Structures are given as structure tokens and as C-alpha cells.
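Please look over the sequence and the three-dimensional structure shown here. An explanation in plain terms follows them.

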Amino acid sequence: MMESLTAEIHDAAKELIDEIEQMGGMAKAVATGMPKLKIEESAAKRQARIDSEQETIVGVNKYRLEKEENVEVLAIDNTAVRDSQIKRITGVKANRDEAKAQECLNALTESAKTGNGNLLALSIEAAKARCTVGEISYSLEKIWGRHQPTSRVVSGAYRSEYGDRDEVRRTLDLVEQFTKNQGRRPRLLVAKMGQDGHDRGAKVIASGFADLGFDVDVGPLFQTPEEVARQAIDADVHVVGVSSQAAGHKTLVPALINELRKLGAGDKLVICGGVIPAQDYSFLKEAGVTSVFGPGTRIPLAAQEVVTKIEEALHQ
């Protein structure tokens, strides 16, 4: 099996390299979003293999303990950390040579504008002058703008890899019945709030739910609770799925629920998934979260639960 998987990886890599070369190189390929989409397709297929137990992850989908050990996780006060960091940055700016700092930032902007000079060397000089990473980035953004990645959801990869199994058929039947009852498919917004560094897991969830019959919207990285609430209302979704990996769930999720209520959209369900300690589940549910899906959750079973929860909420 290992030899077969190695050959599969080799063939996929060669196909990707050939496609990149045909597009004129990696820079042009990245601009189209193709490499990222290929990575997400691969991730969706692997998740399907794990969920369907074609691939074994010891302790996750096979050979699980009858009673899992309760591992205590250090709790961090996110608000206190944020306030502390703001205080530190404010102190740095107050005690630096402001004229020198601005001179370095202006030199970066001029280099970006003209193409003259070494941007790395200029960035190092700016850092030595105690300019922040945000200031250095913005000095370049003023000329080049900010990259806005194309947000697309891989279609068909998860379901084709999972295969036509009972849990998939049951999920599709539930979604079809929901659609007949409500006149439209269940609609999910997958959201990433705060400083989560990537959206790979969120895209896998989005792809899986879309393959199982949901209408799926995907928000961009680094959204605020206010932005997610507004997108949820504009897209008229039934449920917001918050994907979390950077431990901001205890701050950001309650803020999202409060914002939805403030905007008169408190009927929209909020679910959570990702790297969330089990000790935080009760906190989130008390804050108004409908369901929490931890590591090892199989997407078809999660989709079934979400459809059921939406139906229950609509009949209240």
C-alpha cells in the first residue's frame, strides 16, 4: 500500500509541475490560485480516506481508547494578551527615533515604486529603526496593494474519494428531504476569525459539506466577528461554522453570537470545529453554540447533525 501511495504522490507531483510550467511559472500559477486549489483538493481527498477508514490514523479513526485521558490545556486570556501587545507596540513607537523610522519606511515605499534598491536590506534597516512589521508591510502595500486570494471550493474530491457508502447516502437523503421541506438547500458559511494562519481545514470542511448537498459560502481569513455576522446575513445562511485553530474561540465566538443577535439574526445557528480543547465545549455551548466538532469527527456524521439541528431550529 505504501508503494502505491508513493507512486500516486509522484504522479500527482509531476502533473502539477507540468501544469505550472504550461502556465508560465509558479508566480503566474499562484496568481490564478491553482496551486492552492490543488493542495486543498489533495487535503479533501485525504480527509475522505480518513473519514471512511481507508487510511488509518491511530487514536483518531481506529484503535481509540474506551476512555480518553482528559488532558488539561493551558487557558490564555486573549484580551489580556492583546492589550499587553498593544502596550508593547505603543512603547516601542514612543521610544524610537520617529524621524529615522519614517525615513526608512519612505525609502521602502520609494523602492517599491521605482524598483530601485534592495527591499530586503531596506526592510532590515527599518526593523533596526524599530518599525513594526505592520508598518513595513503597509509601506509596500501603498504601492502594490494587498493580495486578495480567490476563494473557491473544491468540488467532487471528497465524495469521490469517500465512495458510495451508507453514511453518505443517508446524508444526501437528509439534505434532499430538507430541500423539499424548506424550498432550498441548507446553507452554511464557513468562517475564519482572528489570526488563524491558514484555512486548509476550513476548505476541507467546505468541500465535504458541498459534496454532501449543502450550499456553502467561505469567508476570507482574518475576519472580525462583525464581518462574519454581516456576511452570514447577506448570504442568508442557516448556520455559521467557525473553524478555529489559534485558540481565539472563547473570545471570538461569543462576540459573533452577540453580533448576530444585535443585528436581529439570532436565529442563525453557530457551530464550531477545529483545534478546540474538550474542556471548552461547555463554555461554548453556554455561550450559544449549537454543536462543537472536535478532531476525528467524520464529515458525513457532522453534516447529518447540522441538518437535523437546522430543522429543529426552524420548527421552534
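The model is a predicted one. The chain contains 14 helices and 5 strands. Along the principal axes, its C-alpha atoms fill a box of roughly 65 × 50 × 45 Å. Of its 316 residues, 35% count as buried. The accessible surface of the chain is about 18,600 Å², and carbon and sulfur atoms account for 53% of that surface. Among the contacts in the chain with a separation of 6 or more, 72% are between residues 24 or more positions apart.

Which residues have the most contacts inside the largest nonpolar core? They are Leu188, Phe209, Phe214, Val239 and Val306, in a core of 25 residues. Several elements each supply at least two residues of this core: the helices are H8 (157-162), H9 (166-182), H10 (200-211) and H14 (299-314), and the strands are E1 (187-191) and E4 (269-274). Helix H14 gives the most to this core, with 6 residues.

Val239 shows how such a core residue is surrounded. Leaving aside residues up to four places away in sequence, Val239 touches Arg187, Leu188 and Leu189, then Leu269, Val270 and Ile271, and also Val306 and Ile310. Apart from this core lies another one, of 21 residues, which include Ala229, Ala232, Val237 and Val240.

Strand E3 covers residues 239-244, and Ser243 is part of that strand. Is Ser243 buried or exposed? Ser243 has a relative accessible area of 15%, and therefore counts as buried, since the cut-off for buried is under 20%. The side chain of Ser243 is joined to that of Lys192 by a polar contact of 3.4 Å. Lys192 is also among the residues that Ser243 touches, together with Ala191, Asp196, Ala202 and Gly273, again not counting residues up to four places away in sequence.

Arg49 lies in helix H3, which runs over residues 34-51. Arg49 counts as buried because its relative accessibility is 15%, and the limit is under 20%. Its side chain makes a polar contact of 3.3 Å with the side chain of Glu161.

The loop between strand E2 (215-218) and helix H11 (225-235) holds Thr224. Thr224 is partly exposed, at a relative accessible area of 31%. Thr224 and Ala191 are 33 residues apart in sequence, while their C-alpha atoms are 9.7 Å apart in space. Phe222 is found in the loop between E2 and H11 as well. Its relative accessibility is 45%, so Phe222 counts as partly exposed. Phe222 has a positive phi of about 65°, although it is not a glycine.

Where is Tyr63 found? Tyr63 is in the loop between H3 and H4. Tyr63 is not a glycine, yet it has a positive phi of about 55°. With 65% relative accessibility, Tyr63 counts as exposed, because exposed means over 50%.

Helix H4 spans residues 78-95 and includes Gln85. Gln85 is partly exposed, with a relative accessible area of 38%. From Gln85 to Val204 the distance is 33 Å, C-alpha to C-alpha, and the two are 119 residues apart in sequence. Ile86 is also found in helix H4. Ile86 has a relative accessible area of 40% and is partly exposed.

Technical notes:
Residues are numbered from 1 along each chain as its sequence is written. This is a predicted model: local features need pLDDT of at least 70, side-chain atom pairs count only at pLDDT 80 or more; totals for chains, interfaces and linings use all residues. Side-chain values use heavy atoms; hydrogens and water are left out. A nonpolar core is a set of buried Ala, Val, Leu, Ile, Met, Phe, Trp, Tyr and Cys residues joined through side-chain atoms within 4.5 Å. Buried means under 20% relative accessible area, exposed over 50%, partly exposed in between (1.4 Å probe, protein chains only). Helices (H or I, at least four residues) and strands (E, at least two) are DSSP runs, numbered from the N terminus. Contact means heavy atoms within 4.5 Å. Accessible areas come from the Shrake-Rupley method with a 1.4 Å probe; for residues, only the protein chains shown count as cover. A polar contact is a pair of N or O atoms within 3.5 Å; within protein, one must be able to donate a hydrogen and the other to accept it, and residues adjacent in sequence count only if both atoms are side-chain atoms.
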